[in-house]
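This report describes one protein model for a reader who has not seen it before. The sequence and structure come first, and the description follows.

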Amino acid sequence: MTSTPMQAIAFDDFGGPDVLQLRDTAIPELRPHDLLVRNAAIGVNRADLLHRQGAYGRASFGDADTMGLEVAGTVEAVGAQVQGFAVGDRVMGIVGGGAYAELSRIDYRMAMPVPDGLGLVEAGAIPEVFVTAHEALFHLARLQAGESVLVHAAGGGVGSAAVQLARAAGARVFATASGSKHDAVRDLGADVVVDHRSEDFQAVVHEATGGRGVDVVIDFIGAPYLERNVRSLAEGGRMVCVGLLGGKQGTLPMDAVLYRHLQIFGTVMKSRPPEVKQGMVQRFAARWLPALAAGSLRPVIDRTYPLADAAEAHRRMESGANVGKILLLPAARE
C-alpha cells in the first residue's frame, strides 16, 4: 500500500499561499495505533497558515511532512493495536500533521465516529474547532448553566463552535464579530452581539450585566483586548486565551486579577503531547456526540475548495471574511 502514490499539498519554502503545491507523495505508513483514512474533507486552521509562514521553524512539524490537523473520511486500514474501529467506518478526528492529502493516518484515540445523519463533509468542520471550544469553555473555564460568557471572534471556526456549545450548556452568550457577521452569530445562539469595529465590548458587557461582568471570556485576540477582557469579568471570573491574532504584549490590570479573584488560562492544541490531545478529543466526544447526532449542534461551513486550491483556501482565511470553517475536498480518484 505504501508504494502507491497519493496526492498531497507540499511546499519547499516558507512564504505566501502560492508556495503550496499539489504533488504525488507516498501513502503514510500504518503504525500499530493508526487508522488509515481516505479523506472526504480536510479542515483548514490558522495554525496551517502559521506553519506555511515558518512560525514553527520547519516544514515538517510533528507527525508528518505534510501540513494539516484534522480530517473526516472512511477507514481503509487499521493498525494491529487499534480498538473500536474497523475498515469502512466513517470517522473524524485530529492528526499530528498530514491532513492535506488524499489519505492520512490518525491515532485511533484521536478519532471519533461520525454520527449517523451527518455527512462526511460536514464532519470535516467539527474536530479541531469543537474540541478546542469545549476544552476552553468547560475543561478550563468550567462554564455552568446560568452563567454568562463573552466569545470573541465569534464568526470564526472556534468562535462559532464556542457560541453553540455555550448556548447548548445553558449560558448567556455575548459575542464580538464584524457587523456583516452579526446575523449569522445570532443564528448560532448569541444573545448579545457586539461590533468589534464600532462598539466597546467592555461597555456593552458592563451595561448589559448591570456592572457585574461575565463569568467567562474566550479570547483569540490577545494584547489589544487584554485589559478590557479582564475588566469585563465578574468576581471569580475566568478567561481563556486561545489565540494571539492582535499581538502578544498587553497590559494586565493586576488590581482586578487580585481583588476580584480572577483566573487566566492559556491553551493551544498543536504542540501538546499526544496523551493530552487524546484527552481533549475524548472529553468532547463523551459530552457532545449525541447532540451532533440529534442535530442540536451543527458544524458551520464557510466555503469548500478542491485540495489543489489550498492556496485559495489560505487566502480566504487570511482575509478574515469567513464565517465558520474552510474545508479542502480531495477529488475522488478511480
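Axes here are lines fitted to C-alpha atoms, for helices over the stretch in contact, and angles run from 0 to 180 degrees between N-to-C directions. Helices (H or I, at least four residues) and strands (E, at least two) are DSSP runs, numbered from the N terminus. The model is predicted, with local features needing pLDDT of at least 70 and side-chain atom pairs counting only at pLDDT 80 or more, while totals for chains, interfaces and linings use all residues. Residues are numbered from 1 along each chain as its sequence is written, and side-chain values use heavy atoms, with hydrogens and water left out.

**The chain as a whole**

The protein chain has 10 helices and 15 strands. Its C-alpha trace spans about 65 × 40 × 35 Å along the principal axes. The radius of gyration, taken over C-alpha atoms, is compared with a globule rule of 2.2 Å times the number of residues to the power 0.38. For 334 residues a compact globule would be near 20 Å, and the 20 Å of the protein chain agrees. Of these 334 residues, 55% count as buried, where buried means under 20% relative accessible area, exposed over 50% and partly exposed in between (1.4 Å probe, protein chains only). Contact means heavy atoms within 4.5 Å. Among contacts between residues at least 6 apart in sequence, 69% join residues at least 24 apart.

| Pair | Angle | Axis distance |
|---|---|---|
| α1 (residues 46-53) and α10 (residues 310-319) | roughly 110 degrees | within 10 Å |
| α3 (residues 127-140) and α4 (residues 157-168) | about 55 degrees | 8 Å |

Angles under 35 degrees count as roughly parallel, over 145 as roughly antiparallel, 65 to 115 as roughly perpendicular and the rest as oblique. Helices α1 and α10 are therefore roughly perpendicular to each other. The contact joins Arg46, Asp48, Leu49, Arg52 and Gln53 of α1 to His314, Met317 and Glu318 of α10. By type, the residues of this contact are 2 nonpolar, 2 polar and 4 charged. Here Ala, Val, Leu, Ile, Met, Phe, Trp, Tyr, Cys and Pro count as nonpolar, Asp, Glu, Lys and Arg as charged, and the others, Gly among them, as polar.

Helices α3 and α4 are oblique to each other. On the α3 side the residues are Val129, Phe130, Thr132, Ala133, His134, Leu137 and Phe138, and they meet Gly157, Val158, Ala161, Ala162, Gln164, Leu165 and Ala166 in α4. This contact has 10 nonpolar, 4 polar and no charged residues.

Gln164 lies in helix α4 and, at 6% relative accessibility, counts as buried. Leaving aside residues up to four places away in sequence, Gln164 touches Phe130, Leu188, Leu297, Arg298 and Val300.

**Helix α10 and its surroundings**

In α10, the residues Ala310, Ala311, Ala313, His314, Arg316 and Met317 are buried. Their cover includes β1 (5-10), β3 (34-44), α1, β14 (301-306) and β15 (325-329). After α10 comes Gly320, with a positive phi near 75 degrees.

Ala153 is not a glycine, yet has a positive phi of about 50 degrees. Ala153 sits in the loop between β8 (148-151) and α4 and, at 28% relative accessibility, counts as partly exposed. His261, also a residue other than glycine, has a positive phi near 55 degrees. The place of His261 is the loop between α8 (254-259) and β13 (263-266).
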